[in-house]
Amino acid sequence: MTEGWMAGGLFCLGLVGVVLLMLYQKWKNARNLRRKTRRTYGAWPDREYGYEEFEAISRYFRLKQKEGQFYLDDITWNDLEMDRIFMLLNHTWSSVGESSLYALLRTPCFSKEEIEKRNELIEYFRTHAEERENLEFFFANIGKSGRHSIFDFIYNLAGQTPGKRWKELLWSVLIALSIGLIFIRPEYGILALICCMIGSWADYYKKKRKIEPYIMSCAALLQIMKAAKKLEKMDLGPATPYQEKICQARKKLSGFKRNSYFVMAGGGVGGGIEKMLIDYVNFTFHIDLIQFSSLIRELRKNLEYFDIMVENMGMLECTTAIASFRTMMPEHCLPEFSGQTELQAENLYHPLIQEPVKNSISVSRGVLLTGSNASGKSTFLKTVAINAVLAQTIDTCMADRFQTGFFRVYSSMALRDDLAGQESYYIVEIKSLKRILDQIGKGEPILAFIDEVLRGTNTVERIAASSEILKSMHRADMICFAATHDVELTHLLEEEYENYHFQEEVKDDEILFDYKLYEGRATSRNAIRLLHIMGYEDAIIQAAERSAEHFTETGSWT
């Protein structure tokens with residue numbers, strides 16, 4: 001008897017120990033996660049993303065694009081290397097926040113009131129560490145889906161055609177009738193029951209294979225709904241209107257959760273008596289198939305509320321990430337929106353350059369940039385363009401002061417031959433420029449950035465065509481920044497465009513760039529001298545100098 005009590009006591013102690021160990025591990029994991037969110041806040045990110053991850057992150061944006069809404073197109077996004085800007089900003093902890101941040105950066109805002117609302121949230125989380133850390137910890141518990149987009153799963157689920165529930169209920173009726181027949185004619189009843197069971201199971205397996213890929217969709221949505229319910233209870237100051245919208249949307253989707261038990265229990269992994277019983281019930285009565293049809297109907301009927309829920313949850317996490325970015329980049333300013341077609345920047349710099357040379361500019365019409373290769377023209381174009389995008393998305397600019405109007409931003413910069421489409425560089429280039437010209441006068445003012453206009457053709461035709469294209473971009477509702485090596489354009493377009501340049505100094509056989517922006521056109525002619533620095537023969541250099549001097553004096557080549 002004593003030994004039995006001792007064995008029972010040891011078993012209980014062991015059970016308590018296991019429970020305590022599990023609770024300790026859970027507490028330890030939560031503590032480490034909190035420490036990680038606190039440690040990484042405001043820190044320079046060190047994570048790179050692969051192609052598949054970027055594809056998954058971008059899916060939400062691509063699925064939710066609306067007709068008539070302006071978005072940064074793929075050419076502009078790639079020209080400005082916005083993937084790297086996204087990585088710099090991505091201090092999010094969940095798939096919802098990560099995908100929402102990507103969509104935010106590709107969707108410039110044209111409402112001053114909306115920008116101010118975002119800034120209110122950003123500043124709240126930047127100055128309220130406890131509330132921000134609680135929210136970051138909350139989203140960290142949701143986690144990220146890596147190379148798979150949860151939004152693909154969910155929107156694919158909503159796109160399915162729900163099955164006919166009466167077909168599944170028919171098996172239950174037939175089984176019930178077979179059981180009833182047993183009490184009247186046992187031999188026929190048992191045979192009928194066996195036949196019905198076999199038919200039901202065979203039909204079940206055939207249909208279950210088709211819905212299995214969508215079980216993850218249900219799990220993802222239920223996880224977001226569960227998180228939304230917890231989020232509603234948090235005290236987040238000015239985020240209350242967002243929490244209320246999340247709460248209302250979640251309640252509209254409550255029918256989805258009610259109808260998901262047998263689908264999720266039957267689709268789980270592992271064993272256990274409960275799962276075995278549920279599986280046999282599903283095999284026989286098709287309850288999970290019936291519920292699955294109900295889930296599709298519920299989601300299709302209330303998909304707009306799922307969008308509202310994700311949009312508001314995503315905005316909350318985006319603003320904590322932007323607060324982290326502002327802390328990481330102390331030399332920033334809030335943009336001033338003038339409502340005019342203008343751009344003024346003081347001590348502007350590129351967010352990805354660790355020790356940047358800052359430049360200032362103030363324009364209300366187009367700008368022609370001249371200067372030698374590697375002098376800073378392309379970087380300056382990207383600097384202005386990126387900050388224009390950041391102004392209308394995260395209300396944060398890398399400058400001492402940044403005043404601007406609301407613009408649709410386009411670029412034509414880092415182009416290349418389209419080998420797959422069998423198009424030359426020149427064809428790709430004129431198509432890229434044409435897409436900008438086609439948008440003139442169709443909405444808000446345009447801010448365009450062009451690097452080396454028509455570089456893919458000969459000098460005479462390039463200058464002739466470039467001057468006319470750039471003249472057509474000289475409009476009251478457009479500002480165009482264009483970089484060129486053709487100094488002739490600065491004379492042809494001096495009535496339409498302001499001239500700025502970058503310069504270099506060749507000293508002691510070394511090229512020195514200061515990366516400072518200067519007014520006026522470039523006047524230095526160091527290209528031939530650089531040949532000497534790189535070790536070219538004197539005969540080549542002298543012949544090139546004579547030829548250049550002859551052209552300057554006569555306007556023709558020897």
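Which helix gives the largest share of the positive patch? Before I get to that, keep in mind that this is a predicted model. The helix in question is helix 11, residues 215-231, and its share is three residues. Lys226 has a relative accessible area of 56%, and the cut-off for exposed is over 50%, so Lys226 counts as exposed.

Next, the aromatic rings. A pair of aromatic rings is described by two things, the distance of the centres and the angle of the planes. The count for this model is 16 aromatic pairs. One of them is Tyr124 with Phe125: the ring centres are 5.4 Å apart and the planes stand at 70 degrees, so this pair is edge-to-face. Both residues are buried, Tyr124 at 11% relative accessibility and Phe125 at 0%.

Now compare that with Phe449 and Phe481. Here the centres are 5.3 Å apart and the planes are at 20 degrees, so the pair is stacked. Phe449 belongs to strand 7, residues 446-451, and Phe481 to strand 8, residues 478-483, so the pair ties together parts that are 32 residues apart in sequence. Phe449 and Phe481 are both buried.

Last item: which residues form one aromatic cluster? They are Phe54, Phe61, Tyr71, Trp77, Phe86 and Tyr102. That is my last slide.

Methods: Residues numbered from 1 in each chain as written. Predicted model: local features only at pLDDT ≥ 70, side-chain atom pairs only at ≥ 80, totals over all residues. Heavy atoms only, no water. Helix = DSSP H or I, 4+ residues; strand = E, 2+ residues; numbered from the N terminus. Buried < 20%, exposed > 50% of the residue type's maximum accessible area, 1.4 Å probe, protein only. Phe/Tyr/Trp six-rings, centres within 6.5 Å; stacked < 30°, edge-to-face > 60°.
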